[in-house]
Amino acid sequence: MSPSTLNCPTCGAAISSDSPNCPYCSSRLATISCPSCFSLAFLGSKFCPHCGHPLTTPASPTSTKLNCPHCLIPLEIFDLGQIKLRDCPKCCGIWVDTKTFQQICADREDQAAILGSPIPVPRDDISAKRAYIPCPQCRQLMSRSQFSRRSGIIIDLCRAHGVWFDRDELRHIIEFIRSGGLDRAREMDKEDLDRARRDLDAQLRASARDEDLRSIASTGGLLTALLHI
């Protein structure tokens with residue numbers, strides 16, 4: 001779908017719907033779908049530019065007390081439809097609390113809102129920064145693990161507070177989920193568990209047979225000794 005022309009909710013200038021920032025007032029821009037006609041509108045617009053339906057105006061991005069674990073600058077609060085994210089304006093990383101991430105994984109509308117948002121351009125290259133990083137909330141080092149163990153996407157996780165995504169990682173996870181990857185991973189995990197149970201049962205049966213053979217051998221040896229007395 002080719003981008004349409006919308007008006008910046010801050011200064012009113014006509015801008016392409018795929019623009020991440022207004023070139024006139026530098027306001028940050030993201031699009032949402034109108035709940036009435038499903039056309040695109042910029043976040044912050046009071047009414048749909050196509051059908052005039054009232055739109056919910058989310059809170060404007062503001063500085064928070066949480067800092068980017070890479071850049072060490074304040075993260076910005078960014079509302080995208082019904083979900084609230086915190087992102088770094090420098091490296092474009094995203095901090096998502098645990099509850100919100102679970103909601104994103106389960107809700108296709110939230111997934112669509114993220115996939116439909118403009119792709120920011122980072123001002124800092126973190127491609128070589130693979131060390132463990134601290135949780136923006138508790139400052140403890142987060143664990144690094146592969147999402148769903150089969151996605152190939154490594155994320156930084158604080159089990160108590162949330163997940164840090166470097167640029168594009170959250171998009172890749174959503175694409176993995178929407179392609180059926182999560183369902184396939186769960187089915188493969190179930191098959192692995194069933195296989196492990198079968199292997200354990202076989203080992204237990206083999207162990208029981210070995211014990212029976214040792215018992216028979218021991219009894220036979222005792223009988224032989226008694227016959228020679």
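The side chains of Asp168 and Arg167 meet in a salt bridge (3.1 Å, N to O). A salt bridge here is a side-chain nitrogen of Lys or Arg within 4 Å of a carboxyl oxygen of Asp or Glu. This is a predicted model: local features need pLDDT of at least 70, side-chain atom pairs count only at pLDDT 80 or more, and totals for chains, interfaces and linings use all residues. Residues are numbered from 1 along each chain as its sequence is written, and side-chain values use heavy atoms, with hydrogens and water left out.

**Salt bridges**

- By this rule the count comes to two salt bridges.
- Asp168 is partly exposed, because its relative accessible area is 26%.
- Arg167 is also partly exposed, at 30%.
- The cut-offs are these: buried means under 20% relative accessible area, exposed over 50%, and partly exposed in between (1.4 Å probe, protein chains only).
- Arg144 and Asp156 form a salt bridge through their side chains (2.9 Å, N to O).
- That pair links distant parts of the chain: Arg144 lies in strand S9 (residues 143–146) and Asp156 in strand S10 (residues 154–158), 12 residues apart.
- Arg144 counts as partly exposed at 23% relative accessibility, whereas Asp156 counts as buried at 1%.
- Side chains of opposite charge can pair when their charged atoms come close.

**The chain as a whole**

- The secondary structure comes to four helices and 11 strands.
- Helices (H or I, at least four residues) and strands (E, at least two) are DSSP runs, numbered from the N terminus.
- The chain has 229 residues, and 35% of them count as buried.
- Its accessible surface comes to about 14000 Å², of which 54% belongs to carbon and sulfur atoms.
- Accessible areas come from the Shrake-Rupley method with a 1.4 Å probe; for residues, only the protein chains shown count as cover.

**Strand pairing**

- Two strands pair if DSSP finds at least two bridges between them.
- Strands S7 (residues 83–87) and S8 (residues 94–97) run antiparallel and are joined by two bridges.
- Asp87 has Ile94 of S8 as its bridge partner.
- The hairpin of S7 and S8 has six residues between the strands, and Cys92 takes a positive phi near 70° there.
- S8 also pairs with strand S11 (residues 162–165), in the antiparallel sense, over four bridges.
- In S11, Phe165 is the bridge partner of Ile94.

**Helix H3 and the cores**

- Helix H3 (residues 169–178) is mostly covered, with seven of its 10 residues buried.
- Among them are Leu170, Ile173 and Phe176.
- After H3 comes Gly180, whose phi is positive, near 90°.
- A nonpolar core is a set of buried Ala, Val, Leu, Ile, Met, Phe, Trp, Tyr and Cys residues joined through side-chain atoms within 4.5 Å.
- The largest such core has 22 residues, of which Val96, Phe101, Phe165, Leu170 and Ile173 touch the most other members.
- H3 gives the most to this core, with five residues.
- A second, separate core of 12 residues includes Cys68, Cys88, Trp95 and Ile133.

**A buried histidine**

- His70 sits in the loop between strand S5 (63–67) and strand S6 (74–80).
- His70 is buried, because its relative accessible area is 14%.
- Its side chain makes a polar contact with the side chain of Asp166 (3.1 Å).
- A polar contact is a pair of N or O atoms within 3.5 Å; within protein, one must be able to donate a hydrogen and the other to accept it, and residues adjacent in sequence count only if both atoms are side-chain atoms.
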